[in-house]
Amino acid sequence: MVKFSKQFEGQLIPEWKHAFVDYRQLKKDLKKLYLLKTDTNPAAGTAPSTLLSSIKKLSFLVTNAEIMDLFMFIRNLLPLLAREILNQFFKTKEAEFMERGDSLKKQLEILIDLKTAIQCRQQTGDIAADSKEDGSISYTISCEDKTEQEQSQENNINDELEKTELAFSDSPRSEEMGNPTRTKILDRKWRSFSGRVISFQGKNIKMNIPLTNPSRTFSAISHLFKEDLANSKKCNDGTKLHINKTRLHHAEKMIKGAFVELYKGLGFLKTYRQLNLLAFIKILKKFDKVTGKQVLPIYLKVVESSYFNSSDKAIKLADEVEELFIKNFAEDDKRKAMKYLKPKQRKESHGITFFVGLFTGCFIALLAGYVIMAHIMGTYKRHPFSLYMETVYPILSMFSLMFLHFFLYGCNIFAWRKTRINYSFIFELSATKELKYRDVFLICTTSMTAVIGVMFVHLTLLSKGYSYTQVQVIPGLLLLMFLLLLVCPFDVYYRSSRYCFLCVIRNIAFSPLYKVVMMDFFMADQLCSQVPLLRNLEYMACYYITGSYKTQNYNYCMNGKHYRDLAYAVSFLPYYWRAMQCARRWFDEGQTSHLVNLGKYVSAMLAAGAKVAYEKDKAKGVGWLCLVVVMSSGATVYQLYWDFVKDWGLLQVNSKNPWLRNDLMLKRKTIYYFSMGLNFMLRLAWLQTVLHSTFGHVDSRVTGLFLAALEVIRRGLWNFFRLENEHLNNAGKFRAVNPVPLPFDEVDEVE
């Protein structure tokens, strides 16, 4: 049977952890009280020897007067927690969700009215029901950008924001707790380019569709030019805005997502109520057992009558939200609605664990055979001319780096789950489709078994006397197989995850046209550590597409001017993408820190450019060598500062944990110090460009693979602490649900 303390820790909302009853600390206090009480009890001789030794140690430190103080402390702590901290947090969150619920009801009413208007036009014959063109309705656009009334409302919001920040002033995490007005101000800024003010049924409505993709971005820019032109020519007469079905569909999707998040938040509030009440009952029972007093009936009434347990506003709102969602978004189908409101998590199968072990054994056996055969044939020894290293090894290197990175991601998921870091919420992953760490390990083991198996067969054929011309197509077919599997439209081999991966890569490639979310810039950071993989992929694409594998003329893809320029461009691409994402985030959010972060990637591009120039002309490159050292050193210092201070949130001078931060998810501080030192050492891998170090008679490409693998390992280490810091930021703001933007602004009556 699972102990309640573990059950309590496993079920509480991670982002609200500091607002829950500290059940573990209360148990420690009761245990101390039990030991002290036993020390003063003559019957304590029947206690176990370990308990007696603990009592003897405590008896020298605590007096009988302190026993009464501890007794009174615990006795007074329970009602204090129930009335003050829990009630205050519950009231704040309840008010926030109630306000959100009222806003969503208004949003839904506007949406229904607009959809009804379009349907009426279709029924009257203005628009054909089966017309391919979207039906649209026209409204008058107001000319004024901001009235005095709106300006006064914004000032009132700022005043309210300052007042709200005073709440929870005794809590160390009180800066943005229960503060919905801050989100309104931020959303108003970044959505201003997509909003248009319309007059409909005596109301002023501003429709905001976020610029999340290129089509919306270009559409918003074109509308801005059109509106500026219309306002400059004929402002008094007004202009017309067409709201078609597509825009209404986007608005409906936003409102639907907001209802789902609101329902999730109300469910969290219900869990908050139940777990805290159960924790009080458990701790009161233990208190009665330790002290021999019967205080459970007395204090249980106090707890049950507290606001956090007696208020039913959240329960009623949850029922209302469920009813509205079923009616408007699920076609009165409750089962369909529950798939969105209460998605069931996919159960983990023991069969996955079995196949992970099976393919791990196959991989180890095939790898051992491949290494032995490669050693016998002298494949990886340094040769002036090695066709295998030039044409086949890049594919093996590419797959090795990719699945090493993926394996480390599986380790990250395992560590995040053990430390209760809510990575699913941070990445906005679906509960029914997200990859578990066992799934990641299964993908890694099956894929690397296939890769090493094909490489083993290829090397075996070469040892049998087959020429490269006869067998060189095998690695290309392996690469083609993985590419086809990645884009396979059938529901096999984690299709939803493959589709999500392709969407993220698309968002990165078209930066800054897509709105940047956590998953996008997290994946772009991973690509910054996979530059060797991208260069190998680009080289192998040239090798097979140009048909060089038939003639074994690999120099065509190595010495061609256009290829070399493209290879250098590939080296810059990840840093360029990441820099464009920083620029987009600055445009959306207006925070200067994003521009400073952009400078980090610009410095990395300058350092990479200096390396490229040095590699082109090493004989006369003394000046270039000095430039490489200077630029790389500056970029490394920049990156280390950002790693430790911004991404990991460490090196806080006034922290209670020296040179770390106040809140740590790992109990051992030495892990943080060791990780900082390891990250510093692995950031210096660029020194190999200057030192040209090798391992004996091993080919330089193997050395390059080893250094690239170290960078991937550094990135895997970075991933854990990056999400730990993000999780603590969410916990500091008690942010457990996503703030979905709403399509329509506040509604005011037209005078």
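Colleague: Which residues of helix 27 are buried?

Modeller: A caution before the answer: this is a predicted model. The buried residues of helix 27 are Val628, Ser632, Ala635, Thr636, Gln639, Leu640, Trp642, Asp643, Phe644 and Asp647.

Colleague: How do you know that the length of helix 27 agrees with what a helix should span?

Modeller: Helix 27 covers residues 622-647, which is 26 residues. At 1.5 Å a residue these should span 38 Å, and the end C-alpha atoms are 35 Å apart, so the two agree. After helix 27 comes Gly649, with a positive phi near 70°.

Colleague: What makes Lys646 a charge over the face of Trp642?

Modeller: The distance from the ring centre of Trp642 is 5.9 Å, and the cut-off is within 6 Å. Lys256 is likewise placed over the face of Tyr340, at 3.9 Å from the ring centre.

Colleague: Why is the pair of Phe354 and Phe355 called edge-to-face?

Modeller: The planes of the two rings stand at 70°, and an angle over 60 degrees counts as edge-to-face. The centres of Phe354 and Phe355 are 5.2 Å apart, and the limit for a pair is within 6.5 Å. The structure holds 38 aromatic pairs.

Colleague: Are those two residues buried or exposed?

Modeller: Phe354 has 54% relative accessibility, so Phe354 counts as exposed, the cut-off being over 50%. Phe355, at 39%, counts as partly exposed.

Colleague: Why is the pair of Phe407 and Phe441 called tilted?

Modeller: The angle between the planes of Phe407 and Phe441 is 35°. Stacked needs under 30 degrees and edge-to-face over 60, so the rest count as tilted. Centre to centre, Phe407 and Phe441 are 5.3 Å apart.

Colleague: What does the pair of Phe407 and Phe441 tie together?

Modeller: Phe407 lies in helix 15 (residues 393-418) and Phe441 in helix 17 (residues 437-463), so the pair ties together parts 34 residues apart in sequence. Phe407 is partly exposed, at 38% relative accessible area, whereas Phe441, at 17%, counts as buried.

Colleague: Which residues touch the most other members of the largest nonpolar core?

Modeller: That core has 81 residues, and Tyr370, Tyr380, Tyr388, Phe399, Trp416, Phe427 and Leu723 touch the most other members. Helix 17 supplies the largest share of this core, twelve residues. Beyond its neighbours within four places in sequence, Tyr370 is in contact with Tyr380, Tyr388, Leu396, Ile452, Met455, Phe456 and Leu459. Another core lies apart from it, with 68 residues, among them Phe20, Met207, Leu266 and Phe280. Phe20 also belongs to an aromatic cluster, whose members include Phe4, Phe8, Trp16 and Tyr23.

Colleague: How do you know that Asp588 and Arg584 form a salt bridge?

Modeller: Their closest N and O atoms are 2.9 Å apart, and the rule asks for a side-chain nitrogen within 4 Å of a carboxyl oxygen. Asp588 and Arg584 both lie in helix 25 (residues 561-589), four residues apart, about one turn of the helix. Asp588, at 8% relative accessibility, counts as buried, and Arg584 counts as buried at 7%.

How values were computed: Residues are numbered from 1 along each chain as its sequence is written. This is a predicted model: local features need pLDDT of at least 70, side-chain atom pairs count only at pLDDT 80 or more; totals for chains, interfaces and linings use all residues. Side-chain values use heavy atoms; hydrogens and water are left out. Rings of Phe, Tyr and Trp (its six-membered ring) pair if their centres lie within 6.5 Å; planes under 30 degrees apart count as stacked, over 60 as edge-to-face and the rest as tilted. Buried means under 20% relative accessible area, exposed over 50%, partly exposed in between (1.4 Å probe, protein chains only). Helices (H or I, at least four residues) and strands (E, at least two) are DSSP runs, numbered from the N terminus. A charge sits over a ring if NZ of Lys or CZ of Arg is within 6 Å of the ring centre and within 35 degrees of the ring normal. A nonpolar core is a set of buried Ala, Val, Leu, Ile, Met, Phe, Trp, Tyr and Cys residues joined through side-chain atoms within 4.5 Å. Contact means heavy atoms within 4.5 Å. The expected span of a helix is 1.5 Å times one less than its number of residues.
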